[in-house]
Amino acid sequence: MRHRVLRHTSAAVGRSIAGRAKSFGGGAGVALFVAIILFSATLATRAQSGATRPRRVPPSTLGNEAQTRPSPTPRETPLLDTSPSREAAAPRPTRPAPRPTTPATTTPPAAAQGGTVARAEELYNQNQFAAALDEAKRITAADPNNSSAWRLAGFAAYQLKQYPEAAADLQRAHELRLAAKEDDPELADKLAETLVLAEQFDRALPLLVAATTRAGAKPDAVKFYYRGLAEYRTGKLAEAERSLTEAVRLDSKSAVSLYLLGRIASESNQADKAIAAFNRATVTDPRMAEAWVLLTNAYLRRAAEAGGAGPKADADYLNAIRTSESLVRLRPADESALAQHGQALIGAKQYARAATVLERAAIKQDAQGTTLYLLGVAHIRAKNFPRAVAALERAAAKSADNSEVFRELGLAYEFSKQYAKALAAYERGAQLAPDDADFKQSIERVRPAAK
C-alpha cells in the first residue's frame, strides 16, 4: 500500500511559523522549536508547522566561559515538519474495491464478428488482462460505438494499473451507455474509482456522490473512502470528514479512512483528534509508515502547545519517542525516519541518545543538511562540542543559506574556544538574517576574544 503523502518535498530548515517560545529563566527550560520540512519523494509536506522545539540549556551547564564575557546560550532547534500535504495521494483501501468476475456486455451486431467480444470476455475472466485489452481495442478500432468493447478495455486496463487509459476507456463506455439510456451502475462505480486512482478527483466526485446516494444500494465503506478522498483533494474538508467518518462507521478497520481523518485533523490544528485517528490507524495497520510519521509529529506539536514543559508535554515527548521507534522499525535505514526519531529524543532532552540515532543517518556522505544540523544540536546539548563542530560544518556546506545552521555552528565554535571561527559563523548568520538581534549580540560577545 502506498501512502503518497507525503507528494513528497525538498529538505530545508526554517524558523517556526508558530512563533517563538519563552526564553530560559534560571534553570528552567521551555521547549522551543523551528519548523523544517521533512525530505521525501513520497510525501510532500505543506502549510502546518505547529511543531515543538528542544529546550534551552542554561549556559553554566554547557561550558566554562571567560568571566569577562557573557556565556552563549543554545538557541532554538528545528523540528521536522511532517505536516501532511493535500498534494500527496492517499493510500489505497486495505480491502480492494470489488471487481466483476465478468463485465456485463451487450454485444451489438457490429461487434459480434467472429465472437471477438466473447473472446475478449473469456480472456478477461482468465485474468489475461493484456490479451483482453488488445482484443477489446481491436473491436473499438473497428466499431467506435461499441460500449461493451470500451467497457472491457477499461476493466482490463484497470487490472493492469493503467489508470489514465482505463479512465478514458470507461468514460467512453459510460457516455455510450448513457446515450443509449442503459443503466450500468457497476460501470459508473468503476469509472469513479479509476478516476480517483488516476488523480482526476474533480471528475470522480460527482460519480462517487451518486454511488454513495444511489437508492437501494448497500452502503459501502470503500466508496465512502474514495468519496472522502476526492472531497479532500478538491478542498471540501468538511464534506470529506463526513464521508470518511461514514466509511469508518461501516468498517471500523478502515485504516486508510482513519489515516485521512487524521490528516484532516492535523491540517486543522486539532492535535487531539489527529492523535486519536492516527493511533487507530496504526493499530489497524501497524505497517502504515506515514501514519506513524504524522502521529509522531502530532505528539510533538501537542507538546509545543502545552508550552514544551510540564507533565503533559513530557508525556507527549515520550509518546513521540515510542511512535518514532515504530517508524524506525519499519524503515531502519531511512534518513527521514531516523531524523524524526532523533528530533523526538531531543524534545525529551535525551540528547546523547538522539546523537546516537542521528549518527546512523549522518554516516552517509549524502546525508541531508537537516539531519546534520539536528545531529550538531544534539551534540551541543550533550556537551560533545568537537562532534557538534564536525556535524555542523557538514551542515553548513550543504545548507549555506540557512541562518540557524550558522547560529549553532557559531555556538559550537564558541564553546570550543575557537573564537575567530565563531565570529565568522555568527557574521555569516547575520548576513542571512540581518534583523536577528541574537546574531548581533553574539558577534559583540565573541569579537573581543577573536582578536
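The expected span of a helix is 1.5 Å times one less than its number of residues. Keep that rule at hand for the first stop in this predicted model.

**Stop 1: helix α12**

Select residues 311–330, which form helix α12. Draw a distance between its end C-alpha atoms: they are 29 Å apart. The helix has 20 residues, so it should span 28 Å, and the two values agree. Now colour its buried residues: A313, D316, Y317, A320, I321, T323, S324, S326, L327 and V328. An α-helix has 3.6 residues a turn, so residues three or four places apart point the same way.

**Stop 2: helices α9 and α10**

Select α9 (residues 255–267) together with α10 (residues 271–284). Their axes lie 8 Å apart, at an angle of about 160°. Angles over 145 degrees count as roughly antiparallel, so α9 is roughly antiparallel to α10. The two helices cross in a left-handed sense. Show side chains next. From α9, the contact uses A255, L258, Y259, L261, G262, R263, A265 and S266. From α10 come K273, A274, A277, F278, R280, A281 and T284. By type, this contact has nine nonpolar, three polar and three charged residues.

**Stop 3: helices α17 and α18**

Move to α17 (residues 403–415) and α18 (residues 419–432). Here the angle is about 165°, and the axes are 8 Å apart. That makes this pair roughly antiparallel too. α17 passes α18 in a left-handed crossing. On α17, pick S403, F406, R407, L409, G410, L411, Y413 and E414. On α18, pick Y419, K421, A422, A425, Y426, R428, G429 and L432. These contact residues divide into nine nonpolar, three polar and four charged.

Note on methods:
Residues numbered from 1 in each chain as written. Predicted model: local features only at pLDDT ≥ 70, side-chain atom pairs only at ≥ 80, totals over all residues. Heavy atoms only, no water. Helix = DSSP H or I, 4+ residues; strand = E, 2+ residues; numbered from the N terminus. Buried < 20%, exposed > 50% of the residue type's maximum accessible area, 1.4 Å probe, protein only. Axes fitted to C-alpha atoms, helices over the stretch in contact; angles between N-to-C directions. Parallel < 35°, antiparallel > 145°, perpendicular 65-115°, else oblique. Left-handed = near helix turned anticlockwise from the far one by under 90°. Contact = heavy atoms within 4.5 Å. Nonpolar A, V, L, I, M, F, W, Y, C, P; charged D, E, K, R; others polar.
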